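I opened the notebook to record a few look-ups.

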There are 2 protein chains.
Amino acid sequence: MDVYISGIGMTKFGKSKDPLEMMMAEAAGLALKDAGLERVDGIYIGVMNVEEFVGDSNFAALLADTLDLTGIPSTRVETASSTGAGAFETAFYAVASGHMKHVLVLAGEKMTHLPTPQTTRILSEAIDRSERRYGATLPALAAMVAQKYAQAYGLSLRKLEDILAQVAIKNHLNGVQNPHAQFRKHITKKDYLKSRMVSYPLRLYDCAPITDGAAAIILTSQPARIKVSGIGHATDTSAVSHRTSLTSFQATKEAAYKAYTMAKVDPSEIQFAEVHDAFTLFEIIGTEDLGFFAPGEGWKALEAGVTHLKGKLPINPSGGLKSRGHPVGASGLAQLVEIAWQLRGEAGAGRQLDRADMGLGQSIGGLGNNNFVTLLERTDRKRVVKEGWRPADHPKIKPPRKAPPLLPEEGVGIVETFTILYSTPEGFLSPLALSFVKTKGGDRVMACNPDYRSPKELKLGQWVTFRKREGLYVFEKPTLWKRFHDRIKDLLHLSM
Amino acid sequence: MDVYISGIGMTKFGKSKDPLEMMMAEAAGLALKDAGLERVDGIYIGVMNVEEFVGDSNFAALLADTLDLTGIPSTRVETASSTGAGAFETAFYAVASGHMKHVLVLAGEKMTHLPTPQTTRILSEAIDRSERRYGATLPALAAMVAQKYAQAYGLSLRKLEDILAQVAIKNHLNGVQNPHAQFRKHITKKDYLKSRMVSYPLRLYDCAPITDGAAAIILTSQPARIKVSGIGHATDTSAVSHRTSLTSFQATKEAAYKAYTMAKVDPSEIQFAEVHDAFTLFEIIGTEDLGFFAPGEGWKALEAGVTHLKGKLPINPSGGLKSRGHPVGASGLAQLVEIAWQLRGEAGAGRQLDRADMGLGQSIGGLGNNNFVTLLERTDRKRVVKEGWRPADHPKIKPPRKAPPLLPEEGVGIVETFTILYSTPEGFLSPLALSFVKTKGGDRVMACNPDYRSPKELKLGQWVTFRKREGLYVFEKPTLWKRFHDRIKDLLHLSM
């Protein structure tokens, strides 16, 4: 059974004084009104971590009550930072099954009321334990991806910095036109360079902000102006260090393949996209993983203006997570609300795209291991599937690099990538150097060292030693054995 | 599209040293092997609160990885203590939609490693904030339901005690035959009476235990030995005090109505059921809400042996939550595993029922506000829908008693029901008297008082005064004004 969108709504994103359930009720009320409905057959609630952010559980029932829809089935869905997209997919199947006619998908998060180190700790629970216990945060892992990306495609760090700044500047520029966005201000390269380093080479302006907000969509089996044409969903290894590639996300490729196949479209037919820019580089990687541009070339399209609002393939016309804000449970659904606004021609002067018959939303859960691709299209412009259309080749899944059962207690290797993490989670000293060390046997070892306080002390490809101490690997440049021994006890005391 | 069960598996329930994901992998491995599958098209993970019980989020992705099923879509579903049933329903729609052929439903929880007051606090987050801030726990609210039930149906407290003991004794007797049960021991009325009071009148033996465990089911669109005939799901008010009835659960009635209607069966056609006996009385109320027995008469069927293993309508042949154990996220799915075993004739000597063509699972989320009813039946015994079959009348939904916008700051009323809570959550003094006070205007006010240390000091229907102090109502027998004033500050200090 085909599934359509008959109602959309969202709150302004930013810092809110309202309790989470009231923000969600506001978004739901707008969507229900938009659909002309007072009741639905089911409710799917997307919240990433209400337990720790607001101290409630049993949130699906609370929302049914808050909406005065007591009695109606209500289910909470969660896939980390792609939760909004996950709730949408789940609701899609409920409608597609024919068992429900109208369904409310409602996603939100409230985050701004907590101190940042606590928020960082809560968000870091999405990271595999084998990496989290080193103090790794999502920005730290994203920073390691960024350094690796620059090296893989021969970009100097200055060039990388320039590209990342361009993503932030473009998305802020788009966000100025979005009344629902958290930040509605132009930023310049100078502003970008002034923003503090969160985890080298990523600055504050490379990271989506901490945000309160909610979004809602009504799905229905009755034909409406917008159809859900394709949905793809895929996972990847829990630990980033277990992946074959550090410069692309297999889960996005796989999800895109499924969505394109379901909708029978090629990436070239997509007219605009909302891409999960939790970190600026992820927008670039996203446009490559989605098949818009070749690997390593997404930044060229950005530089050429292709992904700008007036370009051939606008990316994040809403301002993206960077400028609209990133209430983690809501973002995946807010992307789809933006696409629906664009498809309906309701995005408003300044932001409305000329060509908006088919849009794509891409949402990332965790550090790229629970990802979604969703395709929405207008139903009043009949799309003809190209004759002889067949899906592109299935994205090759190389067997993931599994952690070998026994890594050596110590050894030598090279720094595959690293970061200096300045914004550490609760309980970890700042700054903290984190590295993926590649061993002679080809294994990847996560290792840390709080002695390196500047990225200038390290470089990719350099030889280091690593040693396990009470379950944690510590890496070091070989000339520093003595200092290493002096510091190791302090370090382990802090990190365990 | 019809949906079938092709594989089932579960761990032994109890106290486990394994990490949660390994327990869940064990259950999943058994179910996959049972179905003869190595891969599935999707995974639905049911965990109630991994964030606080084990400190992880992004659990759906972690499980896909742990199962070596990286790449496959994996989604976490949660509906409080009915989470296992919620994951099953969600997966059911995915298969029924035709978008997935084989789906793994996998539910679990790990709880025994934490101190009980911490576990109590975590579980209490499922209670509406308006009641939780008084120190109300799930046992406390269940105890208030129990006192009200006894009064409503003219049972003395001694009689109530006897009935509740019979539920516990029956379910322990069944559990002896279940190799997966946490407790495999007979208990006597004497044992029951010796068990400590948790929240008057409920004793430890009235409450399901704290448990580690996992269960798994494979759903498929390919015809198999067991079919999912009916699914019903409904919510109720977040706060118990906002309900019209305290002696039945509207969400169970509504869910049962939907499940029966979908399957086209009458309650009288159900041959056995797994009923959510998180508290002994809930089994009795469940059998009434499901339409097996008239309101207030469920206990008579128990006394007459009807619900015993050898009775006409065995309830909880597995031993129920009471004896099998209650890993909160897993129980709703473990019920369905038991029903599938019974339908296949694989429950084993001593526990296998003679008549097992159709079974029912009933699962309660929170204190009765996110409930499920699921019907499973054998496909090799052709059931004929009775000629002229039509669903029973829709269970009347009286508009829920909404909290009025402004309750008086103080007043007089009668004790509608109360409990003395001995096992208080972290941060609350023990014992603590909690009461629903009915005002002259007919409103229901939750109120507390830590001065009443014995249930003998209070009785249902007695007049009390209540006063609001810093957002909390305190109730008191009218003669104690002085003492009240002396204690109020201490109390408020402790409870805020």
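**Helix 14, chain B.** I checked how enclosed helix 14 of chain B is. I count 14 of its 14 residues as buried, so the rest of the structure largely encloses it. The model is predicted, and I read every entry here with that in mind. Next I checked the length of helix 14 of chain B, residues 331-344. At 1.5 Å a residue its 14 residues should span 20 Å, and the end C-alpha atoms are 20 Å apart, which agrees. I then looked just past the helix. There B:Gly345 takes a positive phi of about 75°.

**Helix 7, chain A.** I repeated the check on helix 7 of chain A, residues 138-152. It has 15 residues and reaches 21 Å from first C-alpha to last, close to the expected 21 Å. Of those 15 residues, 13 are buried, so this helix too is largely enclosed by the rest of the structure. I looked at both ends. At the start, a side-chain oxygen of A:Thr137 comes to within 3.1 Å of the backbone nitrogen of A:Ala140. After the helix comes A:Gly154, with a positive phi near 65°.

**Helix 10, chain B.** Helix 10 of chain B has 14 residues. From first C-alpha to last I get 20 Å, close to the 20 Å expected at 1.5 Å a residue. Which elements do its buried residues pack against? I find strand 8, helix 11, strand 10 (358-363) and strand 11 (370-378) of chain B. I listed the buried residues as well; among them are B:Gln250, B:Glu254, B:Tyr260 and B:Ala263. Just after helix 10, B:Lys264 takes a positive phi of about 55°.

**Aromatic pairs.** I searched the whole structure and got 15 aromatic pairs over all chains. I started with A:Phe466 and A:Tyr473. Their ring centres are 5.5 Å apart and their planes stand at 75°, so I note the pair as edge-to-face. I looked up burial for both. A:Phe466 counts as buried at 1% relative accessibility. A:Tyr473 is buried too, with a relative accessible area of 4%.

Then I took B:Phe249 and B:Phe282. The centres lie 5.0 Å apart with the planes at 75°, so this pair is also edge-to-face. B:Phe249 counts as buried at 3% relative accessibility. B:Phe282 is buried, with a relative accessible area of 2%.

**Charges over rings.** I noted A:Lys185, which lies over the face of A:Phe183 at 5.8 Å from the ring centre. I also noted A:Arg444 over the face of A:Phe436, at 5.8 Å from the ring centre.

**The two copies.** Last, I superposed the chains. Chain B can be laid on chain A by a turn of 180° and a shift of 0.0 Å along the axis, with an RMSD of 0.0 Å. The two copies are thus related as by a two-fold rotation axis. The same surface serves both copies, as 100% of the contact residues of chain B recur in chain A. Which residue of chain B comes closest to the rotation axis? It is B:Ser97, whose C-alpha lies at 1.8 Å.

How values were computed. Residues numbered from 1 in each chain as written. Chains lettered and ligands numbered in written order. Predicted model: local features only at pLDDT ≥ 70, side-chain atom pairs only at ≥ 80, totals over all residues. Heavy atoms only, no water. Least-squares fit on C-alpha atoms with pLDDT ≥ 70 in both. Contact = heavy atoms within 4.5 Å. Phe/Tyr/Trp six-rings, centres within 6.5 Å; stacked < 30°, edge-to-face > 60°. Buried < 20%, exposed > 50% of the residue type's maximum accessible area, 1.4 Å probe, protein only. Lys NZ or Arg CZ within 6 Å of the ring centre and 35° of its normal. Helix = DSSP H or I, 4+ residues; strand = E, 2+ residues; numbered from the N terminus. Expected span 1.5 Å × (residues − 1). Polar contact = N/O pair within 3.5 Å; in protein donor to acceptor, adjacent residues only side chain to side chain.
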